[in-house]
Amino acid sequence: MLNKIAFKALRQKWRDYSVLLIGTTIAVAIFYMFTNIAMNEELLRSLSTMTQKMIVFVFVLGQILLGVITFVYLNFANSFLVRLRQKDYGLLSMLGATKHQIGSLLLRETLLLGLISSILGVFVGMGITKLSGQALMQSIGIKLSHWSVGTPKVVLVTIGFFLLIFLFNGLYNRWRLMRLDTLTLLQADHVVSAKKVNPKRQLILGLLGIILLGTSYAIMPKVVQWQMIGLTVDLILNVTGTYLFVGQTLGLVTYWIGKSEFGQKGLRNFINGQLRFRLDEYKRILTMIAVLFGLALGAISVGQGYYVSLPKQAVENDALTLATKNPKTDFADLKDVTYQAQLDYVVKDQTVYFNKDSVKKAQVPTLVYQQNGQPDAKPKQTTVDVNHPEDAYTLSTLANYVTGVPFGSDVQLVNQLPAGKQEIIKLVKVKDLQANESVLKKMAANEKAYMSNPDEMIPGAYGNLITLKTIFGGLEFMSIFLGIAFLIMLASTLMFKTLSNVSLDRRRYEILAMIGTTPQQLRLTAFKDVGILFFIPMLIGLMDATMGMQIFKPIMPDPYSGFSLGLMLVLGIYGGYYILTSLIYQRLVLKK
């Protein structure tokens, strides 16, 4: 009987349940994508050692964060379910249903919804994993050969995890529901609670929140110097400052707005009162979302920043763009060629002989690393000194390449090449590496036939770029991927937290309609009402990410190079959730 009632409830309230079903399906899909990568051992083994170590660290931290966010998110989602049906449960109690039966009904509805959303989420996750993987790999410019949409093990882990979470949340909500009497259930829409505020205490804590948040921003540039201690202290200051800012400082702001002439115009007093009433209940969730918004934006920006800065790093660490042993290579398709030459050489017993006059005439560019005690000092570009070939970085690199060894080849400049097989190597340098990347890629592919080892690094900035993408490509992919995943989860959490209190807000909007507020004004007010809840954590998160990017200055040429691209992506996703939440909120609070 209880199963029939649970199925009937889902059918009758399918519009309201569809909101919860879509949100939980997205949560399952995001978790599935994350788990698919975390459990893809072949993929991790295919990445470079450095990238693999970084990704393992990211996964350990990511799994903890995602698990916590998922649990909190589903808790708010299930609270939405309870409040949606609370009055119905009260009516069942009046008709003679016991608390145990009502609690069992809630648990079955929760598990049924969890099972449906878990199965749908797995299929959606497979599709999103395939599409997002291809899109991100193409945008980053890497190819992960062992990328897959999933395995039976990943499917079982995802469904098992979410059913377990739904079971815990269902048992918790069942315990809460069984403690309520029939009258409380029936009057669920009319219960209002508000805490008394001590003005002096709020003023002190509000100012303290600003000070702590400002201090955390001030020490962010020095976090690298202080290492783990600095990072821990800054994180504590930032989270505590954000919590006090949301709970106390904004409380002061709403109080001053309520007393000002500005706050009395139109429906501003109503919107301000809504925020002031919600702050105590929302301060924890808004603090968490603000911090995670900053982390998500920072992760995506760092990933985009590496993508933007890799060509620049590649060019700075080599005087040439490309060196090729293929005699058929034609540089005519390259744009803005600033240098090209051809050198003859002979190889004998790991020693490479170049013609001294040819090298001098060609004015081969090279790099000189100056020992000035600065770890971030950039190399100086000059031409090869034929009297000191052992100091010529370019000649050493070319010698290692033609002999097929990573290092250790000897370079000799002679007036006449010794007897033996005489070969050529072509050199070229272009003004813009990225503008010529497609042409250089074809040249590098044709060069494979002349290489002793297919995995050998091609000399020049283009070879550096390929190596850098191999090392950092997986890290870029993970940072963007996880940033998007966390962003969707936190936006979904805020959406369901907002919608879970809709029963309390509906009565207030009904009163506004009774006193003559037009439908257009009500819709605009609802948009602003929800917009403030989304704007507060977004603003704090933007400040966190903007100041926090300075931490990456020692390891990135320009940490803000990918910030604008990351910001557009984050605001697009976050803004989409705001519009979706506002439309659903309007339908629920303004329905007749």
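## Stop 1

Select Asp-529 and Arg-278: the two form a salt bridge, with their closest N and O atoms 2.6 Å apart. The model you are looking at is predicted. This pair links distant parts of the chain, 251 residues apart. Asp-529 lies in helix α16, residues 519-548. Arg-278 lies in helix α10, residues 268-316.

Are these two partners buried or exposed? Asp-529 has a relative accessible area of 2%, so it counts as buried. Arg-278 is buried as well, at 5% relative accessibility.

## Stop 2: salt bridges within one helix

The structure holds five salt bridges. Stay in helix α10 and select Asp-280 and Lys-283. Their side chains meet in a salt bridge, at 3.2 Å from N to O. The two residues are three apart in the helix, so about one helical turn separates them. Asp-280 is partly exposed, with a relative accessible area of 33%. Lys-283 has 11% and counts as buried.

Now move to helix α15 and select Arg-507 and Glu-510. They form a salt bridge, the closest N and O atoms being 3.3 Å apart. Arg-507 is partly exposed, with a relative accessible area of 39%. Glu-510 is partly exposed too, at 30%.

Next, select Arg-278, Asp-505, Arg-508 and Asp-529 together. Salt bridges that share partners join these four into one network.

## Stop 3: charges over rings

Then go to Lys-325 and Tyr-401. The charged end of Lys-325 sits over the ring of Tyr-401, 4.8 Å from the ring centre.

## Stop 4: aromatic pairs

How many aromatic pairs does the structure hold? There are nine. Select Tyr-509 and Tyr-585 to see one of them. Their ring centres are 6.2 Å apart and their planes stand at 80 degrees, so the pair is edge-to-face.

Tyr-509 lies in helix α15, residues 502-514, and Tyr-585 in helix α17, residues 563-589. The pair therefore ties together parts that are 76 residues apart in sequence. Tyr-509 is buried, with a relative accessible area of 1%. Tyr-585 is buried at 0%.

Now select Phe-293, Phe-527, Phe-534, Tyr-574 and Tyr-578. These five residues form one aromatic cluster.

## Stop 5

Switch to a surface view for the last stop. Select Leu-203, Leu-207, Ile-210, Val-253, Tyr-255 and Trp-256. They make a nonpolar surface patch of about 560 Å².

Which elements give two or more residues to the nonpolar patch? They are α8, residues 199-219, and α9, residues 223-259.

Finish on Leu-207, found in helix α8. Its relative accessibility is 45%, so Leu-207 counts as partly exposed. The range for that label runs between 20% and 50%.

How values were computed: Residues are numbered from 1 along each chain as its sequence is written. This is a predicted model: local features need pLDDT of at least 70, side-chain atom pairs count only at pLDDT 80 or more; totals for chains, interfaces and linings use all residues. Side-chain values use heavy atoms; hydrogens and water are left out. Rings of Phe, Tyr and Trp (its six-membered ring) pair if their centres lie within 6.5 Å; planes under 30 degrees apart count as stacked, over 60 as edge-to-face and the rest as tilted. Helices (H or I, at least four residues) and strands (E, at least two) are DSSP runs, numbered from the N terminus. Buried means under 20% relative accessible area, exposed over 50%, partly exposed in between (1.4 Å probe, protein chains only). A charge sits over a ring if NZ of Lys or CZ of Arg is within 6 Å of the ring centre and within 35 degrees of the ring normal. Patches are made of residues with over 30% relative accessible area and no salt bridge: like charges are joined within 9 Å, nonpolar side chains (Val, Leu, Ile, Met, Phe, Trp, Tyr) within 5 Å. Accessible areas come from the Shrake-Rupley method with a 1.4 Å probe; for residues, only the protein chains shown count as cover.
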